[in-house]
Amino acid sequence: MFIDRQAELGQLEKHYQSGRGDLFVLYGRRRVGKTELLRVFCQGKPHIYFIATLSADGEQLAAFSQQVWGFTRDETPAGFTFPSWEAAFNALAELPGRPLVVLDEFTYLISGNKALPSILQKVWDSRLKDAGVMLVLCGSYIGMMESEVLGHRAPLYGRRTGSTLLQPLGLPAAAQFFPQADSEDQFLSWAVLGGMPYYLQL
């Protein structure tokens with residue numbers, strides 16, 4: 001169930017329609033609805049949606065490589081992987097059209113490879129900022145996103161074209177999860193559960 005988030009969708013859409021190289025950062029608490037927001041945003045657009053895990057760095061690179069390779073090809077060779085993250089990020093600049101690339105749980109990638117932000121910064125400066133790619137970095141560990149991606153000492157500092165700290169839903173939106181309830185019960189539900197879509201849906 002996807003409710004509201006029209007302002008956030010509008011912001012993302014504005015960046016996508018610019019047609020320029022775009023580096024957008026979306027972060028916020030777990031269960032606040034970041035992934036669902038991005039999945040709705042990706043609908044109808046040529047996109048790569050990569051969800052990072054706590055797997056070893058080589059496994060993550062292989063999984064991402066296969067998604068990039070498969071973007072323009074029907075088949076991906078078994079075991080295919082780019083030789084490095086730099087090569088994989090460079091391959092994004094070769095994708096046709098206006099590709100949308102989402103790296104969800106980006107902090108997991110950083111945990112497995114501390115050099116990743118600086119590698120991405122290098123490729124962004126040399127190629128991606130002038131390509132037609134919209135790259136979205138998404139993460140749930142707010143402290144790490146602020147220090148490793150947004151902070152003034154972070155390699156990617158100054159590269160982002162936009163960012164949003166996704167907030168819980170307010171009462172009017174949260175009430176839509178309970179359309180059959182009266183206004184008092186809607187308010188009590190929001191007061192107890194807060195504006196976290198995951199808990200409201202449960």
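The dialogue below goes through the sheet and some salt bridges of a predicted model.

Colleague: What should I know about the model and its numbering before I start reading?

Modeller: This is a predicted model, in which local features need pLDDT of at least 70 and side-chain atom pairs count only at pLDDT 80 or more, while totals for chains, interfaces and linings use all residues. Residues are numbered from 1 along each chain as its sequence is written, and side-chain values use heavy atoms, with hydrogens and water left out.

Colleague: In what order do the five strands of the open sheet stand?

Modeller: Helices (H or I, at least four residues) and strands (E, at least two) are DSSP runs numbered from the N terminus, and two strands pair if DSSP finds at least two bridges between them. Here the order is β2-β3-β4-β1-β5, with parallel pairing. Strands β2 (47-51) and β5 (162-165) stand at the edges with a single partner strand each, so one side of each has no neighbour in the sheet.

Colleague: How many bridges join β3 to β4?

Modeller: Strand β3 (residues 100-104) and strand β4 (residues 134-139) run parallel and are joined by four bridges; L100 stands opposite M134 in β4.

Colleague: Which helix packs on the sheet, touching β2 and β3?

Modeller: Contact means heavy atoms within 4.5 Å, while axes are lines fitted to C-alpha atoms, for helices over the stretch in contact, with angles from 0 to 180 degrees between N-to-C directions. Helix α3 (residues 57-70) is the one that packs on the sheet and touches β2 and β3, and its direction makes about 165° with that of β2.

Colleague: How many salt bridges does the count come to?

Modeller: A salt bridge is a side-chain nitrogen of Lys or Arg within 4 Å of a carboxyl oxygen of Asp or Glu, and by this rule the count comes to seven. Among them is the pair E8 and R5, whose closest N and O atoms are 3.7 Å apart.

Colleague: Are E8 and R5 buried or exposed?

Modeller: Buried means under 20% relative accessible area, exposed over 50%, and partly exposed in between (1.4 Å probe, protein chains only). Both E8 and R5 are buried.

Colleague: Which parts of the chain does the pair of K122 and E86 link?

Modeller: The side chains of K122 and E86 meet in a salt bridge at 3.1 Å, N to O. This pair links distant parts of the chain, with K122 in helix α6 (residues 116-126) and E86 in helix α4 (residues 85-92), 36 residues apart. K122 counts as partly exposed because its relative accessibility is 46%, and E86 counts as partly exposed at 30%.
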